Structures are given as C-alpha cells and as structure tokens.
Amino acid sequence: MSAFLHSRFSDLEAYTPGEQPRDKQYIKLNTNESPYPPSPAVLAALTEQDVADLRLYSDPEGAALRAKLAKLYGCGPENVFLSNGSDDILNFAFMAFSEDGAVFPSLTYSFYPVFCDLHGVDYRTVDLNDDFTVPVERLKDTGRLTVLANPNAPTGVALPLKEVEAIIESNPDHVVVVDEAYVDFGGQSAAGLIHKYDNLLVVMTYSKSRSMAGARLGFALAGRGIIQDLEKIKYSTNPYNVNRLTLKLGEAAVDSDDYFRKNAAEIVETRTRVTEELRALGFTVPESKANFVFIKRDGLDGGDLYRKLKDRGILIRHFSDPRIADWNRVTIGAPEEMTAFLAQVNTILKEEGLL
Ligand code: PMP
C-alpha cells in the first residue's frame, strides 16, 4: 500500500479471483468457465474491418446488442443494460441502491461484501438453512437492498421462482437484485417479472452458459427506471464500458442461442453423472442447478483434496472461509475432464484408506 491511498480503502479486503495459473496445463474446474468454445458464428463475426474500427469508440448505448437481447428476453431495449462483465452491474447496484443498507445470504457470491465495503454500505447477512436453501421469510420485508444469487454460488442450490417472487413482492420500496449468472443450467429466471415489479433487477452474464468469460459481457434486465439509474452511474464512470469487439461478438452469440442452450444441456447431463458418481463415492453433494457442484466427503479435509488434485493437474476451488473449509466447488467441465477428475478422486480416496 502506498501512502497515497484514501484512508477509506486502507482496510478494504479485495475480492480474490480463482487461480488462472500459467505454470502448466491443468484440467481447470475452478472458475465456472464453460468447457466449450463460443459458437462458430461468434468467431466468424470478427472481420479485419472490426480490428481497423478499433480506432473508433464503441457505441455507448450498445443499441444493436440491446435490441437483440430485448427480443430474446421479450422486453424493450429500454429494459436492457450492458456492462463489462456482470460484476460491473453488481458494483453499480451496490453503489446506487444501498442507501438503507444491503442484505444477502451469509454464504453466497463472496464479491457482495466486498462491494459493500468498497462503497461503505451497511450490510447484514442471513444464514442459509442447513440444506443450503435460502430462508425466504428472512429476506422478506428487509427494508434494504436485497441481493440473491439464484442459483446460489458456491452451493448451486436454486430457489423456485414463486419464492423469489415473494421476496420481490415483499420489498416494494427497495431494489431486489436477482443475480442469475448460472440460471441457464436449470434454474427458473425472474426475467419475466420485470414488467410486474419496478424494484426487480435481474443480472445475467455471457461468462458461463455463453462461453465468453474472456469477452467480459454482462447485462441486466429491469424496469425503465432502474435501467436509467444504472445508465446514470455508467455515464458517471465509464460511458464506453463495453468494447467494440465484445459488442459485435455478443450480437453473434444471441443469434446462436440454440447452440448455447445445447451446450448448457450437455453440462447439465454431465452434472447429473458427476453428482451420482460422487455420491456413490460417499460425497455429500447438494442438488445443483448451476455449472458446478459443491462437494464434501467425511474424513477428507477440503483443503487436502484441493491440494492433492492440484498436484495431479486438476484445479478445483477451495475457499478460505472457515465455515466451508470441508467443502470444494467443482466446475462441470467436458465429459472426459470429469472422467479424469472422478478417477483421481477415486485414487485419492483409496490412498487415504477411505474406500
Ligand atoms: N455472479 C456470480 C454469482 C458469479 O459467480 C460470478 C462469477 N464470478 C459473477 C456474478 C460475475 O461474472 P462476470 O463478471 O464474469 O459476468
């Protein structure tokens, strides 16, 4: 830290992204990326002219992409907001809608408390039930910005739409953010409710089901008022927040929606097999509706499993939070990657005398 940093940030504990190692080729099951490349149409969309046009700023309104997303989700372009990854939208939401504080589950996306600390937001958390479901009653009538990842991370557990709607309905005077980063893998989206509730902000990303984490493209769906608020923050920070290439590739991806839905279905199929096989090996695996599973095995320390797999060239995600020290989050990769993962887990269990 330099002597120049504003004292407001001296104790800020920044978010820790998952490892992106360069030392060797790993089977990478640690950051919930897709094992599949974007659709061939996304690659084909890029021309030499696009590179030449990089001399020009991108369209700050992202009009063409917004129109396509609006059509796909059955709303108007005035209901769509584009951003540089969905983290950007979450950042804006915590900045814009937290005057009365914020509330979210205690076990969820670990960036939420960081955004709160960054913006000096008073926040409280609500413990999940023992089965990792969200205690819906405790998120009703909160009197604060209410944030819900659905499906949740790192558990993968999803809340039925009816219950999400009950949370939105009970908080008419505050924004309810539904972070749907993983919704395409079996969750129920709240996107259809944006016309019914002016306090609903649905946040989505191209990073998971659309295989474009590196393009950094996120979008939000909401009533016109909330979108205008987000635009105000955007135009006060970085008007050209989505670059030209990403806008263009994002349009091609919307045109290939069927391709991405097919990939998501394959990931769901692989997830079912992995869940069954892990349970057969004695793991506890909550039912996941995301592109990852959250796993624990009695007798096996979570950190040990992470390290042993890393030594064998397989990266999974272990969190420093002591409450989940026994657990690991494992991204669902390609079928052959998961076969290799399961084989190594089997070997480790045998070496530890647990099989
Ligand atoms: N929400 C959740 C729940 C996530 O797990 C992630 C990925 N780390 C994000 C949002 C942000 O994703 P991105 O910025 O890549 O869109």
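**Where the labels come from**

Modeller: Start in helix α9 (residues 257-280): E266 and K262 are 4 residues apart there, so about one helical turn separates them. Keep in mind that this is a predicted model.

Biologist: What makes E266 and K262 a salt bridge?

Modeller: The cut-off is a side-chain nitrogen within 4 Å of a carboxyl oxygen. For E266 and K262 the N to O value is 3.8 Å, and the side chains meet in a salt bridge.

Biologist: And why is E266 called partly exposed?

Modeller: Buried means under 20% and exposed means over 50%. E266 has 31% relative accessibility, so it counts as partly exposed.

Biologist: How do you know that E351 counts as exposed?

Modeller: Exposed starts over 50%, and E351 is at 52% relative accessibility, so that's the label it gets. E351 also has a salt bridge to R312, at 2.8 Å from N to O. That pair links distant parts of the chain, 39 residues apart: E351 is in helix α11 (residues 335-351), while R312 is in the loop between α10 (302-311) and β11 (314-315).

Biologist: Now for the helices: why are α3 and α8 called roughly parallel?

Modeller: Angles under 35 degrees count as roughly parallel. The axes of α3 (residues 63-73) and α8 (residues 244-255) cross at roughly 20 degrees, so the two helices are roughly parallel to each other.

Biologist: Which residues of α3 and α8 meet?

Modeller: Among them are A64, L65 and K68 in α3, and L247, G250 and E251 in α8.

How values were computed
Residues are numbered from 1 along each chain as its sequence is written. This is a predicted model: local features need pLDDT of at least 70, side-chain atom pairs count only at pLDDT 80 or more; totals for chains, interfaces and linings use all residues. Side-chain values use heavy atoms; hydrogens and water are left out. Axes are lines fitted to C-alpha atoms, for helices over the stretch in contact, and angles run from 0 to 180 degrees between N-to-C directions. Angles under 35 degrees count as roughly parallel, over 145 as roughly antiparallel, 65 to 115 as roughly perpendicular and the rest as oblique. Contact means heavy atoms within 4.5 Å. Buried means under 20% relative accessible area, exposed over 50%, partly exposed in between (1.4 Å probe, protein chains only).
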